[in-house]
Amino acid sequence: LSNVWKVIKNTNNKDRGETIPDLKTKNTTAKTNIEKANVLAEHYSKVSSTSNYTKKFQNHKEKFETQNKDKFRPRSNNMSVLNIPFKMNEFKKALKKCKNTSPGKDRLCYEMFRHMTSLSQDKILSFYNRVWEKGEIPQSWKHSLIIPVLKPNKAKSDPALYRLIALTSNFCKLMERMLRG
């Protein structure tokens, strides 16, 4: 039980006084947290844009997506091996494989799942099966808490020199692990 409280204490969202310094771009200097967030978002949206893909890869991607768009859509009458409900042994196996990583915005850590009652775990499994059957991902699972981390020995004012760490929901990651088997 002390380990559970240690994990909860470590996930407490305290302000540790760590702030990102002013970020400089070609045209301006971002001083407020909102401005800094926008500068980082703009930089990384450009870097990860599909416009950076080669034309050959873009064509391949488009062709693949068009040819396979209906393959994994939920069908209530399709009871293929991909559509059968998850079982409790799959839930427990996936949970056992999860390492104690930092939680996302929901602040749910894997230790909490491990210490739940069987009834609570049954409820979560039932929820996962509804998500899978309907093919609708909860909105909160589509968002991450983004933490910018400066690359070692780099200039703090350059937004390109930050690595972004995305903390996603462990609730979601547990289901993803079940999908991977």
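Ring pairs join Phe91, Phe113, Phe127, Tyr128, Trp141 and Phe171 into a cluster. The model is predicted: local features need pLDDT of at least 70, side-chain atom pairs count only at pLDDT 80 or more, and totals for chains, interfaces and linings use all residues. Residues are numbered from 1 along each chain as its sequence is written, and side-chain values use heavy atoms, with hydrogens and water left out.

**Exercise 1.** Classify the ring pair of Tyr128 and Phe171.

*Solution.* 
1. Rings of Phe, Tyr and Trp (its six-membered ring) pair if their centres lie within 6.5 Å; planes under 30 degrees apart count as stacked, over 60 as edge-to-face and the rest as tilted.
2. By this rule there are 10 aromatic pairs.
3. For Tyr128 and Phe171 the centres are 5.4 Å apart and the planes stand at 55°, so the pair is tilted.
4. Tyr128 belongs to helix α6 and Phe171 to helix α7, so the pair ties together parts 43 residues apart in sequence. Helices here are DSSP runs (H or I, at least four residues), numbered from the N terminus.

**Exercise 2.** Which residues of helix α4 (residues 88-97) are buried, and where do they lie on the helix?

*Solution.* 
1. Buried means under 20% relative accessible area and exposed over 50%, with partly exposed in between (1.4 Å probe, protein chains only).
2. The buried residues of α4 are Met88, Phe91, Ala94 and Leu95.
3. Seen down the axis of α4, these residues fall within an arc of 130°, so they line one face of the helix. The arc is taken from the directions from the helix axis to the C-beta atoms.
4. The face turned away from the buried side carries the exposed residues Asn89 and Lys96.

Conventions. Helices (H or I, at least four residues) and strands (E, at least two) are DSSP runs, numbered from the N terminus.
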